[in-house]
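Okay, thanks everyone, I'll keep this short. Have a look at the model on the screen and I'll walk you through a few residues.

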Amino acid sequence: MSKNILPGPVEAAEIEKYLPHRYPFLLIDRVLSMEIDPEKKLTAIKSVTRNEQFFEGHFPGNPVMPGVLIIESLAQAAAMLANLDAEIQGKTGELYYLVKIDNARFSKTVVPGDQLVLEAVQKRIIRRMGFYTCQALVDGQRVASCELLCAGR
């Protein structure tokens with residue numbers, strides 16, 4: 001049985017303590033939960049609003065969140081998982097860089113009004129390299145998934 005180890009949600013202001021991203025590139029609004037057993041998993045959300053800057057050009061009259069930004073949201077969720085896990089272990093978190101994306105799949109468009117639920121599961125850490133499987137959901141349906149490799153510096 002998994003158990004949420006966070007005392008409550010991690011809000012945007014606190015997320016900024018862990019990630020170097022800032023508006024408009026901070027793509028996580030809240031961390032809902034983090035589990036460590038049976039696997040390390042973090043669940044976060046991104047509320048997609050009509051006033052996002054990328055909607056001005058993607059696409060006028062038919063706003064769709066770019067797939068690369070969905071992947072970036074998932075990478076930020078993976079970085080939050082790594083940083084929160086380091087903190088729990090009494091270590092200092094690192095700056096994480098996205099190194100590789102494999103098996104990216106997009107199954108539905110993400111539009112204004114959607115709330116992305118971002119899930120990142122740590123598969124292994126080897127020599128400061130983290131391997132993650134991630135998925136983004138809207139209303140319980142998968143809209144994107146991928147495998148990520150991130151490097152700590």
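So, what does Ser-145 touch once we leave aside its neighbours within four places in sequence? The contacts are Asn-103, Ala-104, Arg-105, Cys-134 and Gln-135. Keep in mind that this is a predicted model. Ser-145 sits in strand E7, which covers residues 141-152. Is Ser-145 buried or exposed? Its relative accessible area is 13%, and the cut-off for buried is under 20%, so Ser-145 goes down as buried.

Next up, Leu-42. You'll find Leu-42 in strand E3, residues 41-47. Leu-42 has 0% relative accessibility, so it counts as buried. And who's around it? Again skipping neighbours within four places in sequence, Leu-42 is in contact with Val-31, Ser-33 and Met-34, then Ala-77, Met-80, Leu-81 and Leu-84, and also Leu-118, Glu-119 and Ala-120. One distance for you: Val-99 is 57 residues apart from Leu-42 along the chain, and their C-alpha atoms are separated by 20 Å.

Which residues make the nonpolar surface patch of about 240 Å²? That's Ile-5, Ile-36 and Ile-88. Let me pick out Ile-88, which belongs to helix H2, residues 67-88.

Conventions
Residues are numbered from 1 along each chain as its sequence is written. This is a predicted model: local features need pLDDT of at least 70, side-chain atom pairs count only at pLDDT 80 or more; totals for chains, interfaces and linings use all residues. Side-chain values use heavy atoms; hydrogens and water are left out. Helices (H or I, at least four residues) and strands (E, at least two) are DSSP runs, numbered from the N terminus. Buried means under 20% relative accessible area, exposed over 50%, partly exposed in between (1.4 Å probe, protein chains only). Contact means heavy atoms within 4.5 Å. Patches are made of residues with over 30% relative accessible area and no salt bridge: like charges are joined within 9 Å, nonpolar side chains (Val, Leu, Ile, Met, Phe, Trp, Tyr) within 5 Å. Accessible areas come from the Shrake-Rupley method with a 1.4 Å probe; for residues, only the protein chains shown count as cover. A salt bridge is a side-chain nitrogen of Lys or Arg within 4 Å of a carboxyl oxygen of Asp or Glu.
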